[in-house]
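Work through the exercises below with the sequence and the model at hand. Each task is followed by a solution in steps.

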Amino acid sequence: MKLSFGEKIRNLREDMDLSQAELGQALNMTQRKISYIECGKSEPSVEDMIAFCHFFKVSADYLLGIPNEYRRK
């Protein structure tokens with residue numbers, strides 16, 4: 001099953017036992033913005049994407065669902 005961007009963010013957040021408000025505070029975003037991103041009502045900006053990647057220590061490819069076979073070697 002392929003997870004959406006928002007589902008991946010929610011899983012990563014929950015794995016760190018963070019609330020949406022706590023994640024928002026850490027990334028200088030509102031709890032509402034985190035909620036909207038997680039449920040797919042809003043798309044993250046490039047700056048938001050970078051913040052998520054740095055905070056969770058994951059690649060943008062992972063968050064965007066880009067499979068390995070499409071990556072340059």
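**Exercise 1.** Find the helix that holds Glu38, and decide whether Glu38 is buried or exposed.

Solution. Glu38 lies in helix 3, where a helix is a DSSP run of H or I with at least four residues, numbered from the N terminus. The model is predicted, so local features need pLDDT of at least 70 and side-chain atom pairs pLDDT 80 or more, while totals for chains, interfaces and linings use all residues. Residues are numbered from 1 along each chain as its sequence is written, and side-chain values use heavy atoms, without hydrogens and water. Glu38 counts as buried because its relative accessibility is 5%; buried means under 20% relative accessible area, with a 1.4 Å probe and protein chains only.

**Exercise 2.** Identify the side chains that make polar contacts with the side chain of Glu38.

Solution. Take Arg13 to begin with: its side chain is joined to that of Glu38 by a polar contact of 2.6 Å. A polar contact of 2.8 Å joins Glu38 to the side chain of Gln20. Such a contact is a pair of N or O atoms within 3.5 Å; within protein, one must be able to donate a hydrogen and the other to accept it, and residues adjacent in sequence count only if both atoms are side-chain atoms.

**Exercise 3.** Where do the buried residues of helix 3 lie around its axis?

Solution. The buried residues are Ile34, Ile37 and Glu38. Seen down the axis of helix 3, they fall within an arc of 95° (directions from the axis to the C-beta atoms), so they line one face of the helix. Their cover includes helix 1, helix 2 and helix 4.

Methods
Helices (H or I, at least four residues) and strands (E, at least two) are DSSP runs, numbered from the N terminus. Buried means under 20% relative accessible area, exposed over 50%, partly exposed in between (1.4 Å probe, protein chains only). Contact means heavy atoms within 4.5 Å.
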